[in-house]
There are 2 protein chains.
Amino acid sequence: DTVGLKVKRLMCVGADRSVNTQADYDYDRPLMKTQVPGPRSKELTKQMGQIQNNTAINFFCNYEESRGNFLVDVDGNRMLDVYTQIASIPIGYNHPALLKVVSDPNNASAFVNRPALGILPPESFVDKLTEGLLTVAPKGLNRVQNMACGSCSNENAYKAMFIWYRNKERGTSIPSDADLSSCMINQVGGGGGGGGGHQAHCCLATTHSKPIHKLDVPSFDWPIAPFPRLQYPLDEHVRENAQEEARCLEETEDLIVKWRHKGMPVAGVVIEPIQAEGGDNHASAAFFISLRKIASKHGCAFHVDEVQTGGGATGRFWAHEHWGAEDPADIVSFSKKLLTGGFFYRDEMETDKPYRIFNTWMGDPSKNLLLAEVLNVIRQENLLAEVTRTGKALLGGLYELQAKYPNLLSRARGQGTFCAIDVCKASVRDKLILQARDNGVILGGCGDLSIRFRPALIFKEHHVHMFLNVFSDLLAAHK
Amino acid sequence: DTVGLKVKRLMCVGADRSVNTQADYDYDRPLMKTQVPGPRSKELTKQMGQIQNNTAINFFCNYEESRGNFLVDVDGNRMLDVYTQIASIPIGYNHPALLKVVSDPNNASAFVNRPALGILPPESFVDKLTEGLLTVAPKGLNRVQNMACGSCSNENAYKAMFIWYRNKERGTSIPSDADLSSCMINQVGGGGGGGGGHQAHCCLATTHSKPIHKLDVPSFDWPIAPFPRLQYPLDEHVRENAQEEARCLEETEDLIVKWRHKGMPVAGVVIEPIQAEGGDNHASAAFFISLRKIASKHGCAFHVDEVQTGGGATGRFWAHEHWGAEDPADIVSFSKKLLTGGFFYRDEMETDKPYRIFNTWMGDPSKNLLLAEVLNVIRQENLLAEVTRTGKALLGGLYELQAKYPNLLSRARGQGTFCAIDVCKASVRDKLILQARDNGVILGGCGDLSIRFRPALIFKEHHVHMFLNVFSDLLAAHK
């Protein structure tokens with residue numbers, strides 16, 4: 001059958017180009033036994049439907065058998081994973097270094113005694129932060145707050161900005177009695193404003209995703225500025241792109257001024273270095289640096305959301321490092337590849353009182369243990385340089401394919417292996433993703449028309465070729 | 001010195017009453033070497049201050065050396081823990097059953113390969129839910145959504161209620177084009193309402209804590225109904241308490257009607273079975289059942305927040321079981337003692353589309369593994385019955401103390417070991433908590449004047465007496 005044939009070709013390609021440095025634990029090729037989801041996945045998905053919503057489930061996985069860049073499903077299919085749990089597996093499945101962390105009896109306590117980190121941290125916690133997270137602190141941000149997941153990280157980063165902004169506004173961190181009592185009735189205190197809640201602060205939320213994520217759920221009257229919609233390749237459209245970026249910057253500044261005039265000053269500007277869920281939109285270093293300047297000019301904090309971009313996939317540990325800015329951010333949030341959530345922040349964003357940024361767990365020290373090991377592996381194996389090399393091969397391959405199939409593909413773009421390409425229609429995009437999966441390659445979509453590439457940091461050039469081989473066959477066969 | 005003397009007395013008491021079923025791994029008494037925080041804790045706290053806010057830190061812990069009901073700090077002090085990481089350690093520190101889960105090589109994969117559970121769950125996940133969480137599903141709630149932490153659990157439970165309510169309002173789960181586009185500009189779609197955001201839905205948030213948690217942070221214009229402020233012991237103030245509860249029920253219904261008239265219908269009513277952070281306020285079963293009826297009458301979902309009360313500390317697995325209601329809730333959220341966050345929900349609260357309740361991790365299967373073992377231990381050791389017995393001893397002891405020290409103590413109250421007592425002044429309360437700690441007993445505060453008791457489920461009668469002994473000495477010495 002076709003599935004079998006494809007796999008055979010993949011085997012050859014994989015073998016030809018084998019330069020696998022994870023030879024001891026990674027697989028060397030996909031191996032497909034059924035379509036995906038196979039019968040066992042279908043059965044489990046049905047069972048899951050009895051318990052919770054199962055409509056987003058792709059298939060069920062055998063994580064025990066998964067290795068390196070290859071995810072194995074419950075029907076015995078082994079697939080090259082170019083999506084890695086929505087960009088959240090840093091160094092592949094079952095990395096020996098991480099298994100060692102878990103099997104070390106000295107670490108057992110960290111896994112079974114989850115502390116309330118904000119009040120009773122473990123003895124080693126400061127050292128683990130110093131040897132772990134702080135070794136990758138963004139420029140100028142000396143402080144870090146751990147959190148359990150990506151949404152808590154961003155929510156609490158917003159809180160930190162609001163608190164910083166209000167302290168700045170009132171000229172003191174000591175709230176008035178009126179502030180303290182009004183906040184308990186769900187009004188943001190201060191400013192003398194009456195009326196409904198939340199009148200004093202706003203935040204520029206630039207992250208877009210699909211409407212289904214936001215529908216029916218209350219939201220704040222916070223201005224949303226446009227993210228530049230550039231033409232790719234960037235270096236062939238310098239002038240048009242500069243105009244588009246100038247338009248977005250101007251509109252952002254207008255919104256900040258407009259909201260201030262409404263009596264709702266903007267406390268912070270939030271942006272992703274690559275707008276990810278919204279369709280992998282890039283912008284120039286000059287755009288980000290100008291945006292940061294606009295934020296500063298208007299007294300707003302500048303929050304770079306690196307939940308998806310952080311952790312090395314762009315070839316730098318943080319995507320914002322590509323800007324070359326002296327003073328890139330006031331706050332940088334993270335999660336996913338860092339295994340723990342949290343945010344780095346500038347000294348002056350520190351709250352001066354207890355319990356302002358607080359919840360029971362505030363992270364999980366067992367994740368910090370694993371992260372420290374991930375960072376070691378990144379350094380020892382020089383993975384950022386590897387990602388840059390691999391990313392060039394990937395983006396080069398995408399350029400070639402879009403040149404060959406201009407009616408199907410466009411807008412190939414990327415930094416490191418954090419790449420994307422657009423497909424002519426959503427239905428074709430979705431079909432290609434499913435076909436790739438049946439042929440042993442897991443891809444993800446984002447935005448309306450994009451395929452996004454989110455491999456682990458151990459994804460090598462020969463894996464790029466495995467993917468390109470499958471994908472070009474699908475494109476050739478597309479009618 | 002006094003610390004030493006106290007410890008000696010404790011040692012005797014501990015030895016006298018030893019009926020410890022955790023003899024193989026629990027300590028039998030506190031052992032104090034320094035005041036708390038000791039020099040090592042102080043040094044680490046200072047170091048932590050270079051990295052993040054350290055103003056809430058009590059002391060640093062040696063979790064490796066902690067056992068059962070005893071938390072050991074970095075200065076070698078061993079304390080009876082009646083607070084357990086803000087009520088989040090279910091069966092004590094380093095329980096052998098949990099250590100076994102971590103050391104089992106078959107489980108290693110669950111700790112190192114954190115999946116995106118909503119799209120790629122592990123093979124065993126349905127079974128783990130069935131054998132774990134679903135065995136403790138509240139009455140009438142057949143479905144469960146796992147989440148990473150308590151705040152995500154409540155936030156997503158709110159989302160589920162909003163979605164359910166809007167689908168009900170519009171008579172279909174298919175949103176209009178206007179709904180889909182308006183939600184992307186931060187307005188809640190539908191209803192034809194213009195103007196600012198979030199006009200269509202509200203939620204009755206009844207959880208109160210300290211203003212410092214809410215200050216400066218934007219909030220919604222959601223009505224907050226009063227939680228009954230009862231007199232204790234409950235059975236001696238039946239008539240006054242019934243009046244107070246009737247007042248609160250009436251005001252709640254008024255608020256629901258008032259907000260509907262404002263064009264902002266209430267989608268759900270949220271309540272804790274014991275209002276915990278707000279000061280351990282109790283209410284009668286009749287109150288909760290009436291509140292649930294009011295919610296139903298007005299078409300609101302009824303969400304019981306068991307993040308703090310769930311997991312057995314009240315002597316039932318869920319505190320709401322004490323109501324004896326046939327139909328207690330539409331949604332029950334949990335976290336803390338369950339090690340994973342999440343919420344149970346009724347079939348009709350299920351969303352029909354993918355990605356409406358969604359984030360990258362949506363929990364952590366390694367926590368489900370540990371939870372399954374916790375539930376086994378609760379059953380094998382019959383811990384709910386034990387908690388009931390221990391709780392009677394604790395509350396009895398508190399009654400005796402408040403009878404003896406009526407100027408210092410009042411309002412002793414509790415269910416199981418989920419107990420509290422009020423102290424005459426906040427400063428005295430805070431001082432007693434610190435003194436108890438220096439004498440080997442960790443307590444926590446809540447509300448303005450309360451001490452709350454949150455021991456693990458393995459807290460036995462002899463531990464109650466250890467605490468009472470220390471506490472009554474402190475009260476006797478109080479000037």
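In which sense do strand 1 and strand 2 of chain A pair, and over how many bridges?

## Strands 1 and 2

The model is predicted. Strand 1 (residues 70-72) of chain A pairs with strand 2 of chain A in the antiparallel sense, over three bridges. Within this pairing, Phe70(A) stands opposite Leu80(A) of strand 2. The two strands form a hairpin with five residues between them. Gly76(A), in the turn, has a positive phi of about 85°.

Strand 2 of chain A covers residues 78-81. Arg78(A) and Leu80(A) point one way from the strand, while Met79(A) and Asp81(A) point the other way. All four of these residues are buried, the charged Arg78(A) and Asp81(A) included.

## Strands 2 and 11

Strand 2 of chain A is also joined to strand 11 (residues 441-442) of chain A by two bridges, and these strands run parallel. Leu80(A) has Val441(A) as its bridge partner in strand 11.

## Helices 9 and 10

Helix 9 (residues 238-261) and helix 10 (residues 285-297) of chain A pack at an angle of about 15°, with their axes 10 Å apart. Because angles under 35 degrees count as roughly parallel, helix 9 of chain A is roughly parallel to helix 10 of chain A. Their crossing is right-handed.

On the helix 9 side, the contact is made by Glu245(A), Cys248(A), Leu249(A), Thr252(A), Glu253(A) and Ile256(A). They meet Phe287(A), Ser290(A), Leu291(A), Ile294(A) and Lys297(A) of helix 10. The residues of this contact divide into six nonpolar, two polar and three charged.

Terms used:
Residues are numbered from 1 along each chain as its sequence is written. Chains are lettered from A and ligands numbered from 1 in the order in which they are written. This is a predicted model: local features need pLDDT of at least 70, side-chain atom pairs count only at pLDDT 80 or more; totals for chains, interfaces and linings use all residues. Side-chain values use heavy atoms; hydrogens and water are left out. Axes are lines fitted to C-alpha atoms, for helices over the stretch in contact, and angles run from 0 to 180 degrees between N-to-C directions. Helices (H or I, at least four residues) and strands (E, at least two) are DSSP runs, numbered from the N terminus. Angles under 35 degrees count as roughly parallel, over 145 as roughly antiparallel, 65 to 115 as roughly perpendicular and the rest as oblique. A crossing is left-handed if the near helix is turned anticlockwise from the far one by less than a right angle, and right-handed if clockwise. Contact means heavy atoms within 4.5 Å. Buried means under 20% relative accessible area, exposed over 50%, partly exposed in between (1.4 Å probe, protein chains only). Two strands pair if DSSP finds at least two bridges between them.
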